[in-house]
Amino acid sequence: MTREVVINSSYFVVAFLFILGLKGMSSPVTARRGITWAGAGMVLATLVTFAWPGMGNYGLMIIALILGGGISWWSGRVVRMTDMPQMVALFNGMGGGSAAAIAAIELARGETHGTAVTVLAALGALIGSTAFSGSCIAFAKLQGILRKTMHLPGQNAVNVILAVLTIISAIHAIVSGTAAGLAVFFGFALLLGVIITIPIGGADMPVVISLLNALTGLAVGFEGYVLNNPAMMIAGVVVGAAGSLLTRLMAKAMNRPLFNVLFKPITGEVRAGGAGITGTMKEISALDAAAMLRYARKVIIVPGYGMAVGQAQHKIREMTELLEEVGVEVKFAIHPVAGRMPGHMNVLLAEADVPYEKIFDLEEINEEFSQTDVTLVIGANDVVNPAARTDKSSPIYGMPILNADRAQNVIVIKRGKGAGYSGTENPLFYAENARMLYGNAQTVVGELIKDLKELMS
Amino acid sequence: MEGFVALYIIMLAAFTGYAVISRVPVILHTPLMSGSNFVHGVVLVGAMVALGQAQTPFEQAIGFLAVLLGAGNAVGGYVVTERMLAMFKSEKNRTSAKKGQ
């Protein structure tokens, strides 16, 4: 009896700590405290669970804990800051897989808990498995293991048919109660995650990771109900709700309703020429670009995924400091979906010690481009594509963009002449005031620094 | 747990989730996503119970997998979030120290 009181009151504290932690993480001032609170909650939850009545298999449990925790601890430590998005996807997939595994045991045991419990267990299994396989695909895509974005013919019909088949197999598995039926159900659920995620690419990726995160939360919440565990229930549902909100905010920032993200993926075809693109791409040398920056009064830097790939953030900070030494005003403009995750660019710039107050959101800075001498676009493409404003046939039409093209001069650092990740041509690169600087972002910015130093000596 | 009590808990938790992150600066979106990813690592607790009550070798195997994955979610989520937030922290101190001079 007392043991139950200790366990239950501990879980109560755990739920409180988690909510406090998430609350803390939503403000820069308290963010670190927030993760510490949540971490303390997790440790307490894990420790107290050892005392759960009627448990065995402690040896196996400790091995699994050390193995799973150890590998994750190590990989979370060594991963480069630029690879964080896929790590989040991977860890999220693990959570979904874990929830699905719990459901598998509960369903296979086939004890009659009542309809509500069985249905929620199956729902958790479905969502957890889908989140697991979907996250694995997201990881593989961002890591570059899976390079191609594949489109099945009649993708949406396939999705719907597969979803229906999955639900039918779930009902069959519950009613028949056979192991084979259960295996078929899990097979369908896993396949569903793969099929839904595989055609999604480009700028939609962050939205999908966020959605999968919310789904895992829901699955955890449902399994918490099944296991009669309030800490799991509350934490899972809170994450499910918070994650859904975050997903919606992100989809809104791109002006792509969630429905379109999932069911109308941006096609990978490069539209030859594109509507209304005139002019040619004009190349510029690093030295000319450096001179342009050196004698500007005001420069806005627009970083994108190319900065992450090239690990250029430290060089960029160095260049910024050089420019400021000679009195150039430098600001950073961050599009909400620049990179492969919301805030991706902020994290990288923070890693490179670029001060907060130089970094601005789309709404804060968009008016300023017209009074700017040089916009330096570093490895960004879709987020500065003016076609989003004007070209109704463009797949990204309607997405708010950074008005980089309205500056007097635009310098674009880019790896090659290809189209952006979304596969759409960018008229900005052909504009009269734009100059292209080809190469890996880090190398190119390194050259700029060298040339700037020469100009300043 | 009584069905309706559980429903109330779910409803209140859902509103809490919405309210708690309704005002987040863009700068914290990634860490927050990572942080909420860590929080659902509490699935580890359920996995431990599932493994602890496992009887057959099949249940033990799946339970082992559940704990393995759950621990991965919790630990990995924490490490990654902590690393992101640590950068914000040091940066903040640095700039506020500068301002103080």
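How many helices and strands does chain B have? The first legend answers this, for a model that is predicted.

**View 1. The helices of chain B.** Chain B holds four helices and zero strands. Read from the N terminus on, its elements follow the order α-α-α-α. The chain has 101 residues, and 56% of them count as buried. Take the contacts in chain B between residues at least 6 apart in sequence: 65% of these join residues at least 24 apart. The accessible surface of chain B is about 4100 Å². Carbon and sulfur atoms account for 67% of that surface.

**View 2. A nonpolar patch on the surface of chain B.** Six names make up this patch: Phe4(B), Leu7(B), Tyr8(B), Met11(B), Leu12(B) and Phe15(B). Together they have about 720 Å² of accessible area. One of them, Leu12(B), sits in helix α1 of chain B, which covers residues 3–20. Leu12(B) counts as exposed because its relative accessibility is 51%, and the cut-off for exposed is over 50%.

**View 3. Ser98(A) and its contacts in chain B.** Ser98(A) belongs to helix α4 of chain A, residues 84–109. Its relative accessibility is 0%, so Ser98(A) counts as buried. Which residues does Ser98(A) touch, not counting those up to four places away in sequence? They are Val43(B), Ala47(B), Ala66(B), Leu69(B) and Gly70(B).

**View 4. Helix α1 of chain A.** This helix runs over residues 2–24, which makes 23 residues. At 1.5 Å a residue, it should span 33 Å. Several residues of α1(A) are buried, among them Ile7(A), Tyr11(A), Val14(A), Phe18(A) and Leu22(A). Ser10(A), Gly21(A) and Gly24(A) are also buried in α1(A).

View 5. Leu323(A) lies in helix α13 of chain A, residues 313–325. Is Leu323(A) buried or exposed? Leu323(A) counts as buried, because its relative accessibility is 1%. Leaving aside neighbours within four places in sequence, Leu323(A) contacts Leu293(A), Arg294(A), Val328(A), Val330(A) and Leu452(A). Tyr295(A) is 28 residues from Leu323(A) along the chain, and their C-alpha atoms are separated by 9.2 Å.

**View 6. The domains of chain A.** The domain assignment gives domain 1 as 82–267 and domain 2 as 286–456. How far apart do the C-alpha centres of these domains of chain A lie? The separation is 36 Å.

Note on methods: Residues are numbered from 1 along each chain as its sequence is written. Chains are lettered from A and ligands numbered from 1 in the order in which they are written. This is a predicted model: local features need pLDDT of at least 70, side-chain atom pairs count only at pLDDT 80 or more; totals for chains, interfaces and linings use all residues. Side-chain values use heavy atoms; hydrogens and water are left out. Helices (H or I, at least four residues) and strands (E, at least two) are DSSP runs, numbered from the N terminus. Buried means under 20% relative accessible area, exposed over 50%, partly exposed in between (1.4 Å probe, protein chains only). Contact means heavy atoms within 4.5 Å. Accessible areas come from the Shrake-Rupley method with a 1.4 Å probe; for residues, only the protein chains shown count as cover. Domain bounds come from an automatic or database domain assignment. Patches are made of residues with over 30% relative accessible area and no salt bridge: like charges are joined within 9 Å, nonpolar side chains (Val, Leu, Ile, Met, Phe, Trp, Tyr) within 5 Å. A salt bridge is a side-chain nitrogen of Lys or Arg within 4 Å of a carboxyl oxygen of Asp or Glu. The expected span of a helix is 1.5 Å times one less than its number of residues.
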